Amino acid sequence: MKLRLFTAIAFIAMAMISCTEDTDTIGSSITNDTDRLLFSTGVYNATSRSILADSVYSHNSDCYFGMVKDPETNTYVKSDIMAQFNMIEGFSLPSEDKMLSKIDGEVVADSCCISLFVKYSKSYGDTLNAMKMRVSELNAPIDDKYTHYSNFDLKKNGYIRNDGLKINKMFTVRDLKLTDGNLYSLQHNIPYQGTSSDSGYYDRILIPMNVPYTAKDGRTYNNYGTYVMRTYYEHPEYFTNSYRFVHNVCPGFNFEITDGLGVMANIMEIDIQMFYNFITPTDTTAYTSVYLSSTPEVLQTAHIVNDRKALEDLVNDNSCTYLKSPAGIFTEVTLPVDEISQAHANDSLLSVSVTFNRQNSNVDASNPISTPSSILMVHKDSLYSFFENKTMYDHKSSFYAALSSTNTYSFNSIGNIITLMARQKAEGLKSDPDWVAKHPDWNKVVLVPISTTVKYSSDYYGNTTSTVSAVGNQLGLSSTKLVGGPNSPIEVKVIYAKFND
């Protein structure tokens, strides 16, 4: 009976303790004399410091493309992206004898283009700024997870095909060629982008690919789309899954900012589109297109360039700690595991909570920078594997907090990781007296800015609910200061419970 009581009592106890500091009679008020439960509280200090992120795992569907000036450091941040492509569901082409788009009896694509679809609600800067990019074909697929980090340079590591397709393109994020009707639809949809009311209408950065393309085997085609379509007819087995397609047809493309400043566009999807004429089953002529899409089943990564010296200057600021993205600064927290565990060695942990308060920023209000809306607390030893393995926070060794209306990030139930750390230390010391020295991060967690993928669902009555289905490193520009640093300990509040024998 005693064990079964703990779960229910924990919630009641926390509510009651929040109303009074007198805990002497709590046990008797909710249990009988036989199972009298005694509560006690404790407040301990955690310490924090800023640490340089250096690079982050960037295999993420939430990608950014552009170059901006960081108003906090007055230095430049650039984000290039790499995308692999997959056939959309139901991908197929008409039989060759039904194709009307031909040259000298061979199938061709009438035209071909790449579209980068932009989500304005998450973009940063002036969408009318003139930018220039270079699109380059990859020489080989990127398979190794260590190439998925934001500091991996495709060009320096030989992944760009020297004699492959290269296209230079001037662009603005806002498509100035939109018709009035399309522009109205786009502007009307912007407030709903990424929500359950999203109509699916997005602007795009359009990159024509109507230039001759020479494949690795030396054959030349009138455009890249023709190469893909002819390969489809010659080797249909290459189009049966994404792995075969990426390794035999299209390793991917790199999108690099080569000039321009002032915009960082959130790219929600990248498509290659090929147009052609054909004869329909009803013997009519039709003009249509087929897509290759950069989907979660394949790969998108970012190459992020930050000013390391500027970030180091912020890390050395001991008056606070920082959370800064992309690939900027994390906050490391040393939890008082020994103090919490040893102060009440025979008691059970009912609740462990810690709150991180934001400090006011000195950034010019006329040129603001967004604040991370969501952060992750994760054991420092698991920092990289968490994102590499696409782990979901479990409230055992990793925890989620959203920015509150009071400008705080609160973790209200981290007792599991305190217990886990204490157990790991105890087990380690049994076999190795030097275990702590060999595991200096045993009691440390890291706070990381994250982006979330949200799924929406509706019930029979039309009520919509949202659920976080995936998390990744925040690759957009954001920053905040937290109260902390060597001279500002952070309170960790604990509630203990034990049965009065």
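User: Which residues have the most contacts inside the largest nonpolar core?
Analyst: This is a predicted model, in which local features need pLDDT of at least 70, side-chain atom pairs count only at pLDDT 80 or more, and totals for chains, interfaces and linings use all residues. Residues are numbered from 1 along each chain as its sequence is written, and side-chain values use heavy atoms, with hydrogens and water left out. A nonpolar core is a set of buried Ala, Val, Leu, Ile, Met, Phe, Trp, Tyr and Cys residues joined through side-chain atoms within 4.5 Å, where buried means under 20% relative accessible area, exposed over 50% and partly exposed in between (1.4 Å probe, protein chains only). The largest such core has 79 residues, and those with the most contacts inside it are Leu116, Tyr224, Phe253 and Phe255.

User: Which strand gives the most to this core?
Analyst: Helices (H or I, at least four residues) and strands (E, at least two) are DSSP runs, numbered from the N terminus. With 9 residues, the main contributor to the core is the strand spanning residues 263–279, E15.

User: Which residues does phenylalanine 255 contact, leaving aside its neighbours within four places in sequence?
Analyst: Contact means heavy atoms within 4.5 Å. On that basis, phenylalanine 255 touches Phe65, Asp80, Ile81, Ala83, Ile114, Leu116, Met133, Arg134, Val135, Ile207 and Ile270.

User: How many residues are in the second, separate core?
Analyst: This core includes Val354, Phe399, Val492 and Tyr496. Its residue count is 29.

User: Within what arc do the buried residues of H6 fall?
Analyst: Helix H6 covers residues 308–315, and Ala310, Leu311, Leu314 and Val315 are buried in it. The arc is that of the directions from the helix axis to the C-beta atoms. Seen down the axis, the buried residues of H6 line one face of the helix, because they fall within an arc of 145°.

User: Which strands are included in what covers the buried residues of H6?
Analyst: The cover over the buried residues of H6 includes strands E1 (37–52), E3 (75–83), E18 (321–325) and E19 (329–334).

User: How many bridges join E1 to strand E27?
Analyst: Two strands pair if DSSP finds at least two bridges between them. E1 and E27 (residues 490–499) run antiparallel, and leucine 37 stands opposite phenylalanine 499 in E27. The bridges joining E1 to E27 number 10.

User: How many residues apart are glutamate 106 and arginine 230?
Analyst: A salt bridge is a side-chain nitrogen of Lys or Arg within 4 Å of a carboxyl oxygen of Asp or Glu. Glutamate 106 and arginine 230 form one, with their closest N and O atoms 3.8 Å apart. The pair links distant parts of the chain, glutamate 106 lying in strand E6 (residues 106–107) and arginine 230 in helix H4 (residues 224–234), and the separation is 124 residues.

User: Which residues are linked with Lys380 in a network of salt bridges?
Analyst: Lysine 380 and aspartate 441 meet in a salt bridge (3.7 Å, N to O). At 21% relative accessibility, lysine 380 counts as partly exposed. The network links Lys380 with Arg49, Glu332 and Asp441.
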